[in-house]
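Dear colleague,

I am passing on the structure we spoke about, and below it you will find my notes on what turned up in it. Please read them with the structure open beside you.

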Amino acid sequence: TWHLKKIPQIVRERTFSLDSPKFEANPKLELNSVCGIECQRKLPVPSLSDLKSLLAYETVFENGTRTLTEVNVLGAVLDPAANTTTQRPLRKKRQIYGTDSRFSIYDKRFMTNFPFITAVKISTGCSGILVSPRHVLTAAHCLHNGKDYVKGSKRLRVGLMKTKSRGNGRKRKGAKRRSSDGLPSFQWTRVKSTHIPKGWFKGVSGDIALDYDYAVLELKRPHKRKYMELGISPTIKMMPGSMIHFSGFDNDRSGQLVYRFCSISDESNDLFYQYCDAEPGSTGSGIYLRLKEPNKKKWKRKIIAVYSGHQWVDINGEQQDYNVAVRITPLKYAQICFWIHGNDGNCTQG
């Protein structure tokens, strides 16, 4: 069963105008020297004032203006044992581990149905997941490198997979049929605003952690398709089915929707470390769990993490690589839910 948790409250306190960003940063698909498993074990538990600073957020609007919103955090449980992890053997330096276990989804019947239809493409080269009729969840570093917003995020667009091809069905002479080539076609939608937690800026510039590598995009126009529900990420021991799943648009399989599933090999309070085969382009994908609830025939799915990508970390003085995902903790659930709804009224249970 899903384990319900009482959610803290994120309350907006003050909003300030900031200078417009330059949008001059180069996007980084791999981040060097970030805080890894060993480093995570030594991190102090954040205080309430730390949390208020980390969960404050920047909003960038379509016209290039930018604001900073300060928040208060009510009802947060600060757990001193939160960052403990279990010791695991070191991994080899690879992105594809052994046999490539990814599946390219070619069949339009699957591609244009739930849950695959919830995967989206971000114009900066990442993936994302639909989490409301107007909102997309993705990774923060797809938009911001820690110092400035990346090139291309000024006119940010989201590509939703088309469910039907346009036209009256007649084929032009010499034209190839798009419906049978197994590649998705996209309907591109402008982004109205983006939200990024301040913890991301501190994490990159201060070399602390990837803990806040997530962002929410608000679309200019709502879509009319199914979207994924948010959930709180359980610990490895409490993981329903012991497997995580995600779909994205990996660069080495150009234009294809790529699905994978795997188990999680290690965790900290804010991150999952896993062996899921993935290549750049799938960064920002929504990681979900499947659960068949008692006496129900259908699978229930919930987003419990954001795929942050293939990252290099220092372990015992050596550079090791991991496929890392940012867990949706109760605090992050409260913040993402607040961004989606504009209040915390719908965000009390995760």
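**The disulfide and the strands around it**

Cysteine 126 and cysteine 142 are joined by a disulfide, with an S to S distance of 2.1 Å. Please keep in mind throughout that this is a predicted model. Cysteine 126 belongs to the loop between β5 and β6, while cysteine 142 belongs to the loop between β7 and β8 (157–161), so the link ties together parts that are 16 residues apart in sequence. The angle about the S-S bond is -100°, which makes the link of cysteine 126 and cysteine 142 left-handed. Both cysteine 126 and cysteine 142 are buried, and a search of the whole structure finds 1 disulfide.

**Aromatic rings**

A search of the whole structure finds 8 aromatic pairs. One of them is formed by tyrosine 57 and tryptophan 339, whose rings lie 5.5 Å apart centre to centre with 75° between the planes, an edge-to-face arrangement. This pair links distant parts of the chain, since tyrosine 57 is in strand β2 (residues 57–61) and tryptophan 339 is in helix α5 (residues 330–341), 282 residues apart. Tyrosine 57 and tryptophan 339 are both buried. The rings of tyrosine 212 and tyrosine 214 have their centres 6.2 Å apart and their planes at 35°, so this pair is tilted. Tyrosine 212 is buried, with a relative accessible area of 10%, and tyrosine 214 is buried as well, with a relative accessible area of 1%. Ring pairs link Tyr57, Tyr212, Tyr214 and Trp339 into a cluster.

**Charges over rings**

In two places I noted a charged side chain end placed over an aromatic ring. The charged end of arginine 157 sits over the ring of tryptophan 188, at 4.8 Å from the ring centre, and the charged end of lysine 226 sits over the ring of phenylalanine 114, at 4.3 Å from the ring centre.

**Two residues and their surroundings**

Threonine 189 is found in strand β9 (residues 186–197). Its relative accessibility is 7%, and because buried means under 20%, threonine 189 counts as buried. Leaving aside neighbours within four places in sequence, threonine 189 is in contact with Leu156, Arg157, Val158, Leu160, Leu219, Lys220 and Arg221; Arg157 in this list is the arginine whose charged end sits over the ring of tryptophan 188.

Methionine 243 lies in the loop between β11 (229–230) and β12 (244–248). With a relative accessible area of 31%, methionine 243 is partly exposed. Not counting residues up to four places away in sequence, methionine 243 touches Phe261, Cys262, Ser263, Tyr288 and Leu289. For tyrosine 288, which is 45 residues away along the chain, the C-alpha atom is separated from that of methionine 243 by 8.9 Å.

**The chain as a whole**

To place these details, the chain has 5 helices and 18 strands, and buried residues make up 53% of its 350 residues. Of the contacts in the chain with a separation of 6 or more, 75% are between residues 24 or more positions apart. The accessible surface of the chain comes to about 17100 Å², and 50% of that belongs to carbon and sulfur atoms.

Definitions and conventions
Residues are numbered from 1 along each chain as its sequence is written. This is a predicted model: local features need pLDDT of at least 70, side-chain atom pairs count only at pLDDT 80 or more; totals for chains, interfaces and linings use all residues. Side-chain values use heavy atoms; hydrogens and water are left out. A disulfide is a pair of cysteine sulfur atoms within 2.5 Å. Helices (H or I, at least four residues) and strands (E, at least two) are DSSP runs, numbered from the N terminus. Buried means under 20% relative accessible area, exposed over 50%, partly exposed in between (1.4 Å probe, protein chains only). Rings of Phe, Tyr and Trp (its six-membered ring) pair if their centres lie within 6.5 Å; planes under 30 degrees apart count as stacked, over 60 as edge-to-face and the rest as tilted. A charge sits over a ring if NZ of Lys or CZ of Arg is within 6 Å of the ring centre and within 35 degrees of the ring normal. Contact means heavy atoms within 4.5 Å. Accessible areas come from the Shrake-Rupley method with a 1.4 Å probe; for residues, only the protein chains shown count as cover.
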